[in-house]
Amino acid sequence: MRVSDLGRESTSGLRGRPARAVLSLLGIAVGVTAMVAVLGISAASQAGLIAQISSLGTNMLTVAPGRDLFGGQTELPVESVAMVSRIEGVRSVSAVGAVGGHSVRRTDKIDPDDTNGIAVLAARLDLLDTLGGSVTAGSYLSPATERYPAVVLGAVAASRLGVGSVGDQVYLGERWFTVVGLLAPLPLAPEVDRAALVGWPVAQTDLGFSGHPTTIYERSADEAVAGVRQVLAATANPENPQNVAVSRPSDALTAQLATRSAFDQLFLGLGAVALLVGGIGVANTMIISVLERRGEIGMRRSLGATRRHIRAQFLAESAVLSALGGVIGVVVGIAVCVGYSLARGLPVTLPWTAVGAGLAAAVGTGIAAGLYPAGRAARLSPTEALAAV
Amino acid sequence: MTEMITASQVGKVYRGGVPALTDVSLTVRKGELVAIVGPSGSGKSTLLHLMGTLDTPTSGTVRVLGLDLSEVSDGTLSAMRAHWIGFVFQQFFLGATLSAVDNVAQGLVYQGVPRGRRRRRAAEVLDRVGLGHRLDHRPARMSGGERQRVAIARALVADPAIVLADEPTGNLDSASGAVVLDLLHQLNREGTTIVVITHDTDVADRLPRRVRIRDGAVVADSAAVSGGAG
Ligand SMILES: Nc1ncnc2c1ncn2[C@@H]1O[C@H](COP(=O)(O)OP(=O)(O)O)[C@@H](O)[C@H]1O
Ligand SMILES: [Mg+2]
């Protein structure tokens, strides 16, 4: 028997009962859809994350005061920003300093202790450049506004305060400040998203700010990051370098690349279950088919088919049935991925790995599901097969 | 004359202990046209299956074209059926989704003949059984007699030395049955050895040799009575 004939003979049973074939491959189709969609969406999300990371850059380090041996909060020296800027390879440095004892509120009627999770930070004028951020409205602090009661709100802070446009007044300390700018979200500096930024001078003169930075942001060339990191603590605080915490905010994003969300796992699990159920459905259909087609099996044996021919025919039929389900699943799964990517503004990519995995899973399931029915068909003695009709 | 099929003291007990044949000895020679007659359940089909290598006996030996069936593998038995033996059954066993040509061409699938050659050969044989005008018809669009002629064409397409027919006219009206029998006679004249099971005595009476079976044993053989029609 020729291989091309095996293909033709193995689809004859399916062509004979198309409705049943379609119903029995639905489970496989659902399972493969789930697999392709989950793998594809997670690949698209990762591609989105990679694009985000490369646009944000991985060359920023932050310096913050740590805790001393006794657990007490330490401070960075006032001159630490200037010292960091002198490290070889550093391109830009900026800093914020926490303004203690003050909260920002919509009106003076609100309890001062009710901070809403919004910090008041004194910010240097070069902060936005170093962070690579931008404003969605108004403008960032400038030499003109940093001495006056003007405030720029991070994205989260603005929405929590309910401030949607510049010119609004917020109550900060014991007086009204005018909102002059609203920031776009800063994925590498979420603490700034949740802050109200005021000028360094006005914080010192009006809000009792000590002038000690609480976070220094530093950017260097990519290849200089490791070298800068080595000397950063000692430069920022030469007397107590052990009290300095240095970190790389992009590490958090990079770490996300490696983690698969619990949802992905859940859906992959559901896909596997659907595939299993689909496989059982296919096995069932094949068993019924073998019972119904005993006459055909007997006839084929009388035409010279060996047991192996019969086994191969039913195995191939099962594999073809499942592969059809797999193809349907792949098409629907890709449609889901593309729809998701378009809706989320992610790069549209065809998840080839997922397609390959889905088809392989479908065919594998089909072969596994066909083993038992095909074995039964092959073991059937021709006499029994012919007598059954 | 050459012995095509030799059954010696053959017994067959099916799983479950049903004795279908007890001590059957029978020789079919080249060019014979043999009728096997007997009541339902007497073991006719069982005997035909043994003669056609579809099954092996539980006692005694069956030789087909000189080969002892108990000594060869499933692959060899299958190859014997593919090349030397053609079967015709009462139920036709045609593929419902296949045209007449494709049904007949199936008789060459397990010989590994390429599809184009199979179909050309199938068309020739269909022409020979008088169905040259029905090549592309599916079984559902044909009469019972036409279907059985398609089945006969399928049995003939590999040019077998032996044709075994199990009640080929059982599902046919008498006119269609007569056409089918004429076909078998003609085939026999052209040299094919043929064994036909029938429980229709009119049919049996038209055949040169009659073997009568009852309860799994041969009770009469016209060849033996007349002293060797073979
Ligand atoms: N595959 C089988 N398994 C068990 N018993 C069978 C099988 N085939 C036939 N028989 C039994 O063997 C006996 C002879 O059957 P069969 O050869 O079909 O007779 P006939 O063709 O003369 O009607 C019957 O009793 C039948 O029930
Ligand atoms: Mg019978």
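This is a predicted model: local features need pLDDT of at least 70, side-chain atom pairs count only at pLDDT 80 or more; totals for chains, interfaces and linings use all residues.
Local features in the model need pLDDT of at least 70 and side-chain atom pairs count only at pLDDT 80 or more, while totals for chains, interfaces and linings use all residues; side-chain values use heavy atoms, with hydrogens and water left out. Residues are numbered from 1 along each chain as its sequence is written, and chains are lettered from A and ligands numbered from 1 in the order in which they are written.

Ligand 1 lies between chains A and B. The residues around ligand 1 (those with a heavy atom within 4 Å of it) include Glu384(A) and, from chain B, Tyr14(B), Val18(B), Ala20(B) and Pro39(B). Ser40(B), Gly41(B), Ser42(B), Gly43(B), Lys44(B), Ser45(B) and Thr46(B) also belong to this shell. By class, the shell holds 4 nonpolar, 6 polar and 2 charged residues. Here Ala, Val, Leu, Ile, Met, Phe, Trp, Tyr, Cys and Pro count as nonpolar, Asp, Glu, Lys and Arg as charged, and the others, Gly among them, as polar. Helix α1 of chain B (residues 44-51) gives the most to the shell, with 3 residues; helices are DSSP runs of H or I with at least four residues, strands are runs of E with at least two, and both are numbered from the N terminus.

For Ser45(B), a polar side-chain atom is 2.7 Å from a ligand oxygen atom. The protein buries 70% of the 560 Å² that ligand 1 exposes when taken alone, with areas from the Shrake-Rupley method and a 1.4 Å probe.

The whole structure contains 3 cavities of 30 Å³ or more. A cavity is a set of points, on a 1 Å grid over the protein atoms alone, where a 1.4 Å probe fits but cannot get out, and its lining residues have an atom within 4 Å of a point. Grid points are joined across faces, edges and corners, and a volume is the space filled by probe spheres set on the points.

The largest cavity holds about 60 Å³ of space. Among its 13 lining residues, Arg81(B), Ala82(B), Ile85(B), Ala155(B) and Ala158(B) are the closest to its centre. The largest share of this lining, 3 residues, comes from α2(B).

The second largest cavity has a volume of about 40 Å³. Its lining consists of Arg128(B), Val129(B), Leu156(B), Leu183(B), Gln186(B) and Leu187(B).

Technical notes: A polar contact is a pair of N or O atoms within 3.5 Å; within protein, one must be able to donate a hydrogen and the other to accept it, and residues adjacent in sequence count only if both atoms are side-chain atoms. On a 1 Å grid over the protein atoms alone, a cavity is a set of points where a 1.4 Å probe fits but cannot get out, and a pocket is an open set with protein on both sides within 12 Å along at least five of seven lines; lining residues have an atom within 4 Å of a point.
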